[in-house]
Amino acid sequence: MTSETTPGEPTPDDATVLLRVEGTLAHATLNRPRSINALDHSMVRVLADALTSWEKDEGVSVVLLDGAGERGLCAGGDIRAIRASAVNGDRQAADFWRDEYHLNARIARYPKPYVALMDGVVMGGGVGVSAHGGVRVVTERSKVGMPETTIGFVPDVGGTFLLSRAPGETGTHLALTGTPIGAADAVYTGMADHYVPSERLPDLVAALTRAGTETEVDEAVGRFAEIVPAAPLEARRGWIDACYSADTAEEIVSRLRDHGDPEAAKAAEIIGTRSPTAVKTTLAALRRARALDTLEEVLEQEYRVSMAALGWPDLAEGIRAQVIDKDRNPRWSPATLAEVADADVDRAFDPAPDGPVGLAEPAAAADATGGVR
């Protein structure tokens with residue numbers, strides 16, 4: 001259930017989003033711990049309404065997002081519901097994505113400090129409600145990723161915006177393999193800002209309840225943040241940049257196999273298990289996203305691709321293999337990269353049947369407290 005309580009008022013413990021105001025801090029907790037707080041449509045609506053209310057509330061200076069339970073902030077969107085929509089041919093997935101992408105853009109432009117505690121698992125839709133925020137905190141338990149090619153889908157929620165702007169070709173590597181990363185790599189790739197040990201998060205939250213300005217938020221985070229460890233991805237930039245700079249997915253896989261580094265060979269093997277259609281479309285989406293200036297433009301592109309993916313056999317099949325039957329043995333169609341026609345990839349970027357999402361271009365540069373990077 002979701003709460004009908006006005007944002008700022010305490011919400012029932014069984015609500016799927018817990019909302020309360022403590023001091024100057026407005027606190028939203030995703031509350032589906034059994035599913036690692038996977039986002040459904042009603043949760044997106046509750047968060048959007050809360051952000052609207054808290055933006056107008058002069059007593060609120062800071063917004064904080066975290067997740068209930070010990071496993072993570074958010075494992076992503078409710079992919080069972082998306083599969084059902086693909087199979088039934090209804091509008092549920094489209095309506096969900098429209099509201100979700102508006103929420104992602106809203107978070108990026110939010111005029112008050114938006115702090116996301118990216119503790120534990122943060123995947124897919126979880127990245128969308130956290131990594132566009134102004135203050136993004138990871139811990140030693142963080143596992144951040146966009147694993148969409150695993151289920152026959154393409155990174156969305158602004159994921160191609162973030163990954164296309166990661167150093168070198170690291171974002172391409174993460175997108176095609178769907179590999180999750182830890183705190184150090186999350187900071188290195190620009191998906192997070194600060195490293196705070198998980199045991200210090202309660203004290204950080206307490207300090208934020210007394211933060212009345214952006215400067216005080218920065219000072220509070222600074223008191224608990226530690227130097228982030230060395231980023232493994234940075235040490236692998238040599239083979240990552242050399243291999244993933246190829247023009248086609250086929251050539252990328254060939255370079256990875258031939259490079260000689262065991263990690264490169266492992267990456268080639270992983271890509272070989274992913275949906276060929278999703279891999280080739282993801283590569284195209286990333287390259288196109290690099291040429292787009294704003295998050296809003298990229299989200300519009302992602303919506304077109306998401307709607308196209310609803311018609312792919314791979315989306316329903318990938319979700320079946322991962323979360324329905326859990327046999328981890330998807331039967332992709334087409335089964336190889338070579339069989340995926342360039343024309344089919346290009347069609348994924350055609351206008352969506354129901355038109356654009358309608359994300360207006362911002363009139364001016366984003367506010368520094370919640371701006372797009």
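Biologist: If contact means heavy atoms within 4.5 Å, which residues of α8 meet α9?

Modeller: On the α8 side they are D203, L204, A207 and L208. Their partners in α9 are V217, A220, V221, R223 and F224. This is a predicted model, in which local features need pLDDT of at least 70, side-chain atom pairs count only at pLDDT 80 or more, and totals for chains, interfaces and linings use all residues. Residues are numbered from 1 along each chain as its sequence is written, and side-chain values use heavy atoms, with hydrogens and water left out.

Biologist: How does the contact of α8 with α9 divide by residue class?

Modeller: It has 7 nonpolar residues, no polar ones and 2 charged. Nonpolar covers Ala, Val, Leu, Ile, Met, Phe, Trp, Tyr, Cys and Pro; charged covers Asp, Glu, Lys and Arg; the others, Gly among them, are polar.

Biologist: Where do α8 and α9 run, and at what angle do their axes cross?

Modeller: Helix α8 spans residues 201–208 and helix α9 spans residues 214–224. Their axes come within 9 Å and cross at roughly 160°. Helices are DSSP runs of H or I with at least four residues, strands are E runs of at least two, and both are numbered from the N terminus. Axes are lines fitted to C-alpha atoms, for helices over the stretch in contact, with angles from 0 to 180 degrees between N-to-C directions.

Biologist: So are α8 and α9 roughly parallel or antiparallel?

Modeller: Roughly antiparallel, because of that angle. The term is for angles over 145 degrees; under 35 is roughly parallel, 65 to 115 roughly perpendicular, and the rest oblique. The α8 and α9 crossing is right-handed, that is, the near helix is turned clockwise from the far one by less than a right angle.

Biologist: Changing topic. What about α6 and α14?

Modeller: Helix α6 covers residues 170–177 and helix α14 covers residues 276–290. They pack at about 150°, with axes 9 Å apart. The two are therefore roughly antiparallel. Their crossing is right-handed.

Biologist: Which residues of α6 and α14 meet?

Modeller: From α6, G171, T172, A175 and L176. From α14, V279, T282, L283, L286, R287 and R290. That contact divides into 5 nonpolar, 3 polar and 2 charged residues.

Biologist: And how do α6 and α11 cross?

Modeller: Helix α11 is residues 237–244, and its axis comes within 9 Å of the α6 axis, crossing at roughly 75°. That is why α6 and α11 count as roughly perpendicular.

Biologist: Which residues of α6 and α11 meet?

Modeller: T170, T172, H173, L176 and T177 in α6 meet R237, W239, I240, D241 and Y244 in α11. By class there are 4 nonpolar, 4 polar and 2 charged.

Biologist: Backbone next. Where is the cis peptide bond?

Modeller: It joins S333 and P334, with omega about 0°. P334 sits in the loop between α16 and α17 (342–347).

Biologist: What is the phi of V157?

Modeller: Positive, about 45°, although V157 is not a glycine. For background, most residues other than glycine have a negative phi, and most peptide bonds are trans.

Biologist: Where does V157 lie?

Modeller: In the loop between β8 (143–145) and α5 (159–164).

Technical notes
Contact = heavy atoms within 4.5 Å.
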